[in-house]
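Biologist: I'd like to learn how to read aromatic pairs and helix packing in a model. Could you walk me through it?

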Amino acid sequence: MKSKKSLCYAIKKTFLHLKYMEVLLLLDKTTLPKLYFKESNMTYFEKYEDISFTNNFAFCKVMQNEEICREVIETLLHIKVGKLKYKSLEKELKLEIDKRAVRLDVYVADSDRVFDLEMQTTDNKNLDCRMRYYQSMIDAELLDKGADFTELKESNIIFFCTFDPFRKGLPQYTFCNTCEELPELKLDDKCRKIAYNVNAFKKVGDEKVRKLLEFISTGKSETSLTNKISNELRRVQGNEEWRAEYMTLEMLKKDTYDSGFTAGRNEGIAIGEERGISMGVQQAKLETAKNALTMHLPIEQVAILTGLSIDEIEKL
């Protein structure tokens, strides 16, 4: 009977030649991740037991805890929040065919307000325009057909950034619309957008906010709220079902990137590297979506995984 070490080696050796459904059939969901990470040089993606609060998957799972989610919002905005309704976790908003989809990490609402909380670890240098687009799509989703504009709820879009999004050295950037000619005249459109530069936490005056941002930046926990988040994160890390879900999503994402690069590089020989890689990535996304559908993943989750629209996936 093969040892776990030799079994790990066999999986590693044949990994790229197996379909992911076949891999999952070889080992049960709780055994696969543990064996897969047994080899120290396996660096395809972050180990599940090492994921931090800044990992998008972990962030979304932890924020499913309503008590934590509410306390985070109350700490940042200095308000009292009522019972939260989870409008979505990683929700995709797409109102018209052929329009770009918006995927929201944590999208919740109380009776009077909506809150979108996002974890951002990559600086794509487009946060300002992303905020604008997110706001427009949220507003369109909130306003029922034929409803009056005054029925729009107060909206708060909050980004936790592990970098300085506007490169001005501030720990917090808050945006509300004002009149250029009369700065004291504010546009009462009920919209607020906040971006936190978590690494600048030392500059924050409010202790509770400072400690929260410090936790996100360094993992150091010194308050009741951050202790709750730490405990919930450990619970997430110990959830074998979520481990398998994370493993599957990361494997499929890696498949998308690897297949896209390989297909694009080969195509690029004939038509130019840049165009070829773009075409290859699209083809890889389609193939990954097909694989995910055979694993009976929900269409919405496949859309999040591949970046394809729901309409594109339904045509497969």
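Biologist: So, how many aromatic pairs are there by this rule?

Modeller: Keep in mind that this is a predicted model. Rings pair if their centres lie within 6.5 Å, and by that rule the count comes to 10 aromatic pairs. Take Phe53 and Phe59: the ring centres are 5.3 Å apart and the planes sit at 65°, so this pair is edge-to-face, the cut-off being over 60.

Biologist: Are Phe53 and Phe59 buried or exposed?

Modeller: Both Phe53 and Phe59 are buried. They also belong to one aromatic cluster, together with Phe160, Tyr196 and Phe215.

Biologist: On to helices. At what angle do helix 7 and helix 8 pack?

Modeller: Helix 7 (residues 207-218) and helix 8 (residues 224-237) pack at about 30°, and their axes are 9 Å apart. Angles under 35 degrees count as roughly parallel, so that is how helix 7 runs relative to helix 8.

Biologist: Which residues meet there?

Modeller: From helix 7 you have Lys211, Leu212 and Phe215; they meet Leu225, Thr226, Ile229 and Ser230 of helix 8. Sorted by type, the residues of this contact are four nonpolar, two polar and one charged.

Technical notes:
Residues numbered from 1 in each chain as written. Predicted model: local features only at pLDDT ≥ 70, side-chain atom pairs only at ≥ 80, totals over all residues. Heavy atoms only, no water. Phe/Tyr/Trp six-rings, centres within 6.5 Å; stacked < 30°, edge-to-face > 60°. Buried < 20%, exposed > 50% of the residue type's maximum accessible area, 1.4 Å probe, protein only. Axes fitted to C-alpha atoms, helices over the stretch in contact; angles between N-to-C directions. Helix = DSSP H or I, 4+ residues; strand = E, 2+ residues; numbered from the N terminus. Parallel < 35°, antiparallel > 145°, perpendicular 65-115°, else oblique. Contact = heavy atoms within 4.5 Å. Nonpolar A, V, L, I, M, F, W, Y, C, P; charged D, E, K, R; others polar.
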